[in-house]
Amino acid sequence: MSPDTAPTYYAATANDPTRYPKLVGPVRADICVIGGGLSGTATALMLAERGHSVVLVEAGRLANAASGRNGGQLIAGLSGEGTIKRQLGDAGTRLLEDVRYRGIELIEERVAKYAIACDLKRGWVEAAARPSHMGALKAYYEERRALGDADHLTLFGPEESEGVVGTNIYHGGIIDRRSGHLHPLNLVLGEARAATTLGARIYEDTPAIELTGGTRPRVLTPAGSVEAKTIVLAGNTDHKFTRGPLLGVQLPIGSYIIATEPLDETLAREINPHDYAIADSNIVVDYYRMSADRRVLFGGRCNYSNRDPKDLVETMRPRLAKVYPKLKDVRVDFAWGGRLGLTINRAPAIGMLEPNVYYMEGFVGQGVGTSHIMGEVIADAIEGKSDRFDLLARIRHVRLPVGEWAGNQILAAGMLYYRMRDLF
Ligand SMILES: Cc1cc2nc3c(=O)[nH]c(=O)nc-3n(C[C@H](O)[C@H](O)[C@H](O)COP(=O)(O)OP(=O)(O)OC[C@H]3O[C@@H](n4cnc5c(N)ncnc54)[C@H](O)[C@@H]3O)c2cc1C
């Protein structure tokens, strides 16, 4: 593992060691994508597939931020459904139906088409952490059933929990057999490779330091520049182009994962009999799954004030032991954290910063699927088919335009209320 790579289970099992060059000198392209996470790479691949010439610039290494550090849960739908329905009415409801499985479909298609080895599996569970949480899960199930879309969904009660998720701490839950899980870093690396085979040019260690929109969009980097017809900003929490409408739209939230030693087959089958990805229904969510080599990747402990815990393993281990008491003394081989982009209303933020400069960010904890949906929405908009883009760009976001530090303190104070609610 090179020192500029996060010490994650994913980096240790990455299956493509390619280092892409730094950009030196001026280049031209139809589209310049800024950011080489899930969003930027998925978008670059889609645009390259459609015959556009694409340059992608990544400040560090591909997927070294949230995209290569996340829980790998591939979840149907968008975050912030309530906001989207409330603000956009029937059109919003139709759009949500239209895109609900689109991220999953795109990933499944690409994994098959480009033979991307990223341990993709179907099966995801939302487990009720409180008896009262079953109400919302039942309502979701009934809504899907009324639409004739519940064949892949199964509700289960508390007495069935152990057989479904290998622990009896839950009060039931819902199984979604279309959602699933994967190795997100290997997905990004596979998509990046596929994009380059279609002619896209990728540059690592190449931060965009200035961008101009308008009639002659241009991206400046420390040793080069990209002249393009269109720029797509996919820098998530790390980009610094937060002036104007983006200031305070999303805040970076810490989330943390530990990966245990590989478990023997019998124990692995006992604690996760169906190899599902699992998330509980709390606001401060526990999320976990097995890796392909039978480690438990256990995530959670979102940190709204953005101060990382001093000892990640000791912070996370009690949560793991609560869910699976048998794992209380298991060896932990990897522990890491990352920053996800949280919008206050939890809906994705997508729009235009200037003429010919698109942005997308703030996918909260559903960025694996959402990045692919938004990549397609923006690719369509660039080609003049902008109905879905226009609708999503109408979502009004609460802004905390007070700078990141102050924003995180306000958020942490607000979240105390929800943390308390998780306890009762
Ligand atoms: C610990 C953790 C667990 C999570 N678990 C899940 C999960 O299980 N399922 C799920 O769906 N989502 C999950 N998420 C959220 C998900 O990872 C993100 O929503 C998603 O990765 C966002 O992808 P992105 O490409 O938009 O952003 P990022 O992954 O943050 O990538 C942005 C990239 O842009 C680059 N960049 C920024 N500025 C510039 C610049 N000026 N020039 C060039 N490059 C730049 C950065 O270096 C970075 O590589 C999790 C997030 C975290 C942190």
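Biologist: What makes up the shell around the ligand, by class?

Modeller: The shell has 15 nonpolar, 18 polar and four charged residues. Ala, Val, Leu, Ile, Met, Phe, Trp, Tyr, Cys and Pro count as nonpolar, Asp, Glu, Lys and Arg as charged, and the others, Gly among them, as polar. This is a predicted model: local features need pLDDT of at least 70, side-chain atom pairs need 80 or more, and totals for chains, interfaces and linings use all residues. Numbering starts from 1 along each chain as its sequence is written, and side-chain values use heavy atoms, without hydrogens and water.

Biologist: Which residues come nearest to the ligand?

Modeller: S39, E58, S67, Q73 and A208 do, out of the 37 residues around the ligand. To be near, a residue needs a heavy atom within 4 Å.

Biologist: Why is the ligand said to lie between two domains?

Modeller: Domain 1 (9-70 + 185-250 + 345-414) and domain 2 (112-184 + 252-343) both give residues to the shell, so the ligand lies between them. The bounds come from an automatic or database domain assignment.

Biologist: Which elements each supply at least two shell residues?

Modeller: Helix 2 (38-49), strand 15 (332-343) and helix 10 (367-382). Strand 15 gives the most, with three. These are DSSP runs numbered from the N terminus: helices are H or I, at least four residues, and strands E, at least two.

Biologist: Why are E227 and R28 called a salt bridge?

Modeller: Their side chains meet at 3.6 Å, N to O. The rule asks for a Lys or Arg side-chain nitrogen within 4 Å of an Asp or Glu carboxyl oxygen, so the pair qualifies. E227 in strand 10 and R28 in strand 1 are 199 residues apart.
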